[in-house]
Amino acid sequence: MNTSPFQALACPLDGKPLTPSDSAWRCSAGHSFDIAKQGHVNLLPVQQKRSSDPGDSKAMVAARRRFLEAGHYQPIAETVSRAVSDHAKQRVSRDTLFSCLDAGCGEGYYLRELAKAATNQASLALMGLDISKWAVQAAAKQDNRQQPQSRWVVGSNANLPVQSGALDGVLCMFGFPVVDEFARVLKPGGLLIQVEAGPDHLRELRDIIYPTLKPERASDDEPPAGFASLGSETVRYTLALDDAGAISDLLVMTPHFYRATTEGREKAAALGEITLTVDVRLVRWERI
């Protein structure tokens, strides 16, 4: 499966198609967005920001990159890649592009793993989008600047800078799903994959950093408007971390770092090793 950057971008100001021209993307109304030296483009207008620097910080992005590149979540990546590949085989021929967006891509780990796992059944047109400029910058830096595998975009799930009905697949990995927008950009028959923490995910760490654990919310298996269920599966395994650096990276890359009390963070910082339960649920929806 060959990979290439996704092309059907839309202007975040008026929704018109964007076309690349020299070192920028432009729409017919004259709006222009520069391509950064790392290869990514910022399609998050200031009026769509809720803060001056939204999304994950530089430190969170660096921690996530170290943790993921160590292979700790490799089984999750393999399950996602297999689900995308299976759907692509059913949807497109060998000579047809299967376009896929990672909505909340972080530093690009899951898209890179998808590209590595690609077979010769079809070709992928990939796009990674994140509201954090630090995450998108890190993702773009790891791509091949001369022959990039993915389009890297700073943007918001609430206003995806993507032309309507242009995508065959959308990934939402531990992110913030905006189902109406996902439905808009997906073709009929397109695949939406949501990956979310299960009830026991990182429970051993949560037991340490929180005084008490909140009851888990029940999973909602009712298809959202515009979608039909394709089923779900659980990825569950034991993960042993035997150094303080990896434990620190895991904590920093998750919302738990900011939700934990000072005492909880101090307890986590004192750990030299921990054995964790990884419990993740992958849900597949089909655009109808």
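Predicted model: local features only at pLDDT ≥ 70, side-chain atom pairs only at ≥ 80, totals over all residues.
Modeller: Residues are numbered from 1 along each chain as its sequence is written, and side-chain values use heavy atoms, with hydrogens and water left out.

Colleague: How many aromatic pairs does the structure hold?

Modeller: Rings of Phe, Tyr and Trp (its six-membered ring) pair if their centres lie within 6.5 Å; planes under 30 degrees apart count as stacked, over 60 as edge-to-face and the rest as tilted. By that rule, the number of aromatic pairs is four.

Colleague: What is the angle between the planes of Phe 67 and Tyr 73?

Modeller: The two rings lie 5.3 Å centre to centre. Their pair is edge-to-face, and the angle is 85°.

Colleague: Is Phe 67 buried or exposed?

Modeller: Buried means under 20% relative accessible area, exposed over 50%, and partly exposed in between (1.4 Å probe, protein chains only). Phe 67 has a relative accessible area of 1%, so Phe 67 is buried.

Colleague: Which class does Phe 257 fall in?

Modeller: Phe 257 pairs edge-to-face with Tyr 258, at 5.1 Å centre to centre. Because its relative accessibility is 26%, Phe 257 counts as partly exposed.

Colleague: How many residues of strand S7 are buried?

Modeller: Strands (E, at least two residues) are DSSP runs, numbered from the N terminus. S7 covers residues 123-130 and is mostly covered. Its buried residues number eight of eight.

Methods:
Helix = DSSP H or I, 4+ residues; strand = E, 2+ residues; numbered from the N terminus.
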